[in-house]
Number of protein chains: 2
Amino acid sequence: MSEKKIEEYLEKVKNYQKELSLLSEISSLLGWDEATYMPEKGQRSRAEQKAHIEKIIHNKMNSEELWEYTKRLKNAKEKLKKRDKIMIKKLYRDLWKSRQLPEKFVEEFSRATSKGFNSWQKAKKENDFNIFKPHLKKIVELSRKKSEYINLPGHPYNSLIDDFEEGMTTKKLESTFKDLKKELMKIIEKTEKENVNVKINYKKRNMKKHIAKELGFSLDNLRIDISSHPFTTTIGNEDVRITTKREDGTLFPITSTIHELGHALHDLNIPKKEKYTVLGDSPSFGISESQSRIWENNICKSRSFWKYFSKNFNNNLEELYKEANAIKPTTIRIKSDELYYCLHIILRFELEKELIEGKIEVEELPRLWNEKTKNIIGMKPKNNKEGILQDVHWSLGYFGYFPSYALGSIYASQLYSQMKKEMNIDKKVEKGEFKEIREWLKEKIHKHGRKYNAEEIINNVCGEGLNQKKYIKYLEKKYLNK
Amino acid sequence: MSEKKIEEYLEKVKNYQKELSLLSEISSLLGWDEATYMPEKGQRSRAEQKAHIEKIIHNKMNSEELWEYTKRLKNAKEKLKKRDKIMIKKLYRDLWKSRQLPEKFVEEFSRATSKGFNSWQKAKKENDFNIFKPHLKKIVELSRKKSEYINLPGHPYNSLIDDFEEGMTTKKLESTFKDLKKELMKIIEKTEKENVNVKINYKKRNMKKHIAKELGFSLDNLRIDISSHPFTTTIGNEDVRITTKREDGTLFPITSTIHELGHALHDLNIPKKEKYTVLGDSPSFGISESQSRIWENNICKSRSFWKYFSKNFNNNLEELYKEANAIKPTTIRIKSDELYYCLHIILRFELEKELIEGKIEVEELPRLWNEKTKNIIGMKPKNNKEGILQDVHWSLGYFGYFPSYALGSIYASQLYSQMKKEMNIDKKVEKGEFKEIREWLKEKIHKHGRKYNAEEIINNVCGEGLNQKKYIKYLEKKYLNK
């Protein structure tokens, strides 16, 4: 292929990616608005608007023209610049995966998850799994089918994990989580469980904006709002928005804001020149999660952080540190502490995997959920609302998503351990100096966008791939003073 | 054409209209967010997102398929139901107009107004017309060309007015405005100009939400936010949003909120079954404006309104009534009172008309603007910022828009006069009973959507078409006790 042709095709393919990026940003705004400011009755129109944008995205993503150009460029790989070669490789894979799913299947999946989400909301509200059951059955059935369509090598669950963790396998998760589970349960056994219940008393209003400024953010390219579940979303190159929820008298608004700020920093640092391409993204959900966890847990739950930050409270340092790090089992994932959190994930992983391989069925789920919770966490959910109905993910068809949360914690500790070798983190944090930490994360992770996958980037930075031992070591040091 | 074919084509055409409506709602959300909550640096991405949605809308609107079905249905008119016949007539006209403009021209116009808007912002900020001049020249040139492409009968300005006031002509505006100008200047001469400057002192916080509730709105389908210029926008069937701006110590936040609530009521009352068609709209910008003006001026600047509403202030009734109705010339349109306001519009109409017919050129505009202001309003603008640069409209290529504001005031008084014949408005308003007024407007105007044009609907309700005499009579009664 001539250089001129290559240039021409690259231009075409870039335009497609730009349009897809713009549409995805617009879709994000629809979602952000729905979760923050939309009047209640706007719901029905919003569903139509979102579905329409998704349809446009789907059609563009699966256009024959884009596929044709991408294939030709993939074949011309030796003639491409290194960066373009990576871009085309990623794009080809995304398109290939998308094209494995027949249009009719995509529509059916979309309808099923739309109904699934609504029925889940109702089921959770009314604490009645039966409302959700037929919809979940359908979603599981379709997810098994999806795995058949994608058909990556190995375990059928591999094809689903891949949407969130490119290249990750069931086998690798099994061995990682097996060890992690065993070690976490050991640490928990040796750790004092305390019913800490400090009433948190802020000195300032607007503590969320305050912490953002302290960590080095400007409100020129960031918003902080309130929604029923905290999240981060990117609306534009320099327009990232985080939310938190109100929980007066607790540290939750602070820790969840810090968590989301970690995501926001990542998103804001993705290089502008990659923003409108497939490379303008995170390597994986796990890496994304590592960027929020490292701030929320490793950095901001440290004693050095509270040495610096306690000045903003009427509580004393010890109270604050204790409250931030209290270890206490709960049946609710999102209320879990550093030690229990990953156990909740492993529980979901074990169930998902067996669901997808057809070893268990939806009917058995509530019972299995409760048994596993009892075995792993040590207590039984009060009811399905606080058990199997607590999370939204399955209702949206997000099988393969949960492992990313645990991977995020592991990666975060690997990065933290590496960062510690390169600078005295505690000394900086104690003085409220976060700039070097931000820069380190930008240089090592953010600036590469999606050029490398999770395993590659962790290897590049830490000299080894995924390693749960680093996380276990971090927890042992913190909770067992090892 | 068989009934089955007609059904099939109607279905197709409805789908197109629905998709166009959804995209236009999405575009409205992009605009609303930009004006309210978007972080400053989101600007650049937002421009790209808006341009992309506009491109999708343009392509869909001009699709050959839609045009083909619409033409066939138009030809089958005798076989259509009455409502479908009107819908197809309106749709055909919209599409026909859009198709008169070559794609290249549309792109050029879009680029020119995008640059025009930016240069106007800069020019206004720096009080320097020269920054805006070359861009305005280009926009005027393109607007003349647009008028040639559309080429409606009569004056070339007709083709531009038509975007805002379907069927309105330059000739009709000339005679209406000539009389209105003369009479307004007479009333002004006889009216005492007072430098009222009451410091307004609210008893409650959140007066904007309070007035909305008083007028019968619920916040389930309405939002009220702050932006630099007040506006109303419809994001979905039951999702209408208004904004106002902060001006402590004045009545502006109240009167502008009432103005926008008038728009919101109109938008919310458009029947759901028409929402996703060309009939799910207002008959014209003038009718829209009448729905805000009738609340802002006729109803809520009355003494009976303040008898009811003064309880919410630490000021007394007379102070409030005086402040709401103070007559005082200003060179700024949006700060004008009921008597001067339309004179500002007539000034703009006279200039626009001559610009489009090529009688005057952009170079002369600042001088002509200042002379006309002196002649009509009686004072000269301090500078171009408070003169020719005050309004955004021309920078966006909105030639033909301004007359709608004056038409709105006239229609409002015609409707108000008719409503008075049918109920004792003052007695209701004095008691804070607004329900019947709302219902009257819904029955007479809102529920018809865009089925009738402005002249038709005013005729249906008032037994005569546009008549400035009713407006003059209202003003004479109010200001001269005639």
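How many cavities of 30 Å³ or more does the count come to? In this predicted model the count comes to three. A cavity is a set of points on a 1 Å grid over the protein atoms alone where a 1.4 Å probe fits but cannot get out. Grid points are joined across faces, edges and corners, and a volume is the space filled by probe spheres set on the points.

**View 1. The largest cavity, lined by residues of chain B.** Its volume is about 60 Å³. The lining (residues with an atom within 4 Å of a point) consists of B:Phe132, B:Arg348, B:Trp369, B:Ile388, B:Asp391, B:Trp394 and B:Phe402. Five of these residues are nonpolar, none polar and two charged; Asp, Glu, Lys and Arg count as charged, Ala, Val, Leu, Ile, Met, Phe, Trp, Tyr, Cys and Pro as nonpolar, and the others, Gly among them, as polar.

**View 2. The second largest cavity, with about 40 Å³ of space.** Helix H16 (residues 403-422) of chain B gives the most to the lining, with four residues. Helices are DSSP runs (H or I, at least four residues), numbered from the N terminus. Among the lining residues are B:Gln414, B:Cys462 and B:Lys470. By class, the lining has three charged, three polar and one nonpolar.

**View 3. A:Asn151, a non-glycine residue with a positive phi of about 55°.** A:Asn151 sits in the loop between helix H6 (129-150) and helix H7 (158-161) of chain A. With 57% relative accessibility, A:Asn151 is exposed (over 50% relative accessible area, 1.4 Å probe, protein chains only).

Residues are numbered from 1 along each chain as its sequence is written, and chains are lettered from A in the order in which they are written. Local features need pLDDT of at least 70, side-chain atom pairs count only at pLDDT 80 or more, totals for chains, interfaces and linings use all residues, and side-chain values use heavy atoms, with hydrogens and water left out.

Methods:
On a 1 Å grid over the protein atoms alone, a cavity is a set of points where a 1.4 Å probe fits but cannot get out, and a pocket is an open set with protein on both sides within 12 Å along at least five of seven lines; lining residues have an atom within 4 Å of a point. Helices (H or I, at least four residues) and strands (E, at least two) are DSSP runs, numbered from the N terminus. Buried means under 20% relative accessible area, exposed over 50%, partly exposed in between (1.4 Å probe, protein chains only).
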